[in-house]
Amino acid sequence: IGLLVVAALARAGATVAAYDPLPQRRRFAAAFGAQTAAHPQHAPRADATRGADCAIECSGNPRALQACIDATRDHGTVVIASWYGRKELSLQLGTRFHRSHLKMVASQVSSIPPAHAATWSKRRRFDAAWALIRAVRPAATMGTHTVALADAARAYGTLDRGEALAYHLGYE
């Protein structure tokens, strides 16, 4: 999902910086249009005059959410596009966080805020997503392989441990 977010933002003309611990994902982020693709330890820390206008967390890793908070400029926006499930989060929400006036937004893909619902129907969202997938062709470029749906839990475990980049799920 994160790499598709990189591709969508780059195609929209945004300046994109991607931070990921896996070198292979950093290479794809650069290929998909990120101007910066670096290890998270190199992510900048924001302050009152510098930082990201918007940071989008797609990994479901609590440390990545903290890094997004730390890298977002004052009055910027942090979008939580991940699913944390039952994970407990420990975030540093002290002085810098409170003085920065960050806006935290939960991204929920199955519904649209009322302000955008009239123009972004489900059909339009699907069409835009599929157009991006056809343009980027992640299945062809990322060299993924197919696993049976019954093996999805094992596949997700390898993704969580950074042992794999992506999988196709087979529904046969």
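Tutor: R123 and D127 both sit in helix α6 (residues 122-136), 4 residues apart, about one turn of the helix. They form a salt bridge, and their closest N and O atoms are 2.9 Å apart. R123 is exposed, at 54% relative accessible area. D127 is partly exposed, at 39%. Bear in mind that this is a predicted model.

The count of salt bridges comes to 6. Among them is R45 with D70, whose closest N and O atoms are 3.1 Å apart. This pair links distant parts of the chain, 25 residues apart: R45 is in the loop between β2 (36-38) and β3 (52-57), and D70 is in helix α3 (residues 62-71). R45 has a relative accessibility of 54% and counts as exposed. D70 has a relative accessible area of 13%; buried means under 20%, so D70 is buried.

Another salt bridge joins D53 and R73, with the closest N and O atoms 2.5 Å apart. Here too distant parts of the chain are linked: D53 belongs to strand β3, R73 to strand β4, and 20 residues separate them. R73 is partly exposed, at 27% relative accessibility.

Strand β4 (residues 72-80) also holds H75. Check its backbone: phi of H75 is near 70°, a positive value in a residue other than glycine. Most residues other than glycine have a negative phi. H75 is exposed, with a relative accessible area of 54%.

Key: Residues are numbered from 1 along each chain as its sequence is written. This is a predicted model: local features need pLDDT of at least 70, side-chain atom pairs count only at pLDDT 80 or more; totals for chains, interfaces and linings use all residues. Side-chain values use heavy atoms; hydrogens and water are left out. Helices (H or I, at least four residues) and strands (E, at least two) are DSSP runs, numbered from the N terminus. Buried means under 20% relative accessible area, exposed over 50%, partly exposed in between (1.4 Å probe, protein chains only). A salt bridge is a side-chain nitrogen of Lys or Arg within 4 Å of a carboxyl oxygen of Asp or Glu.
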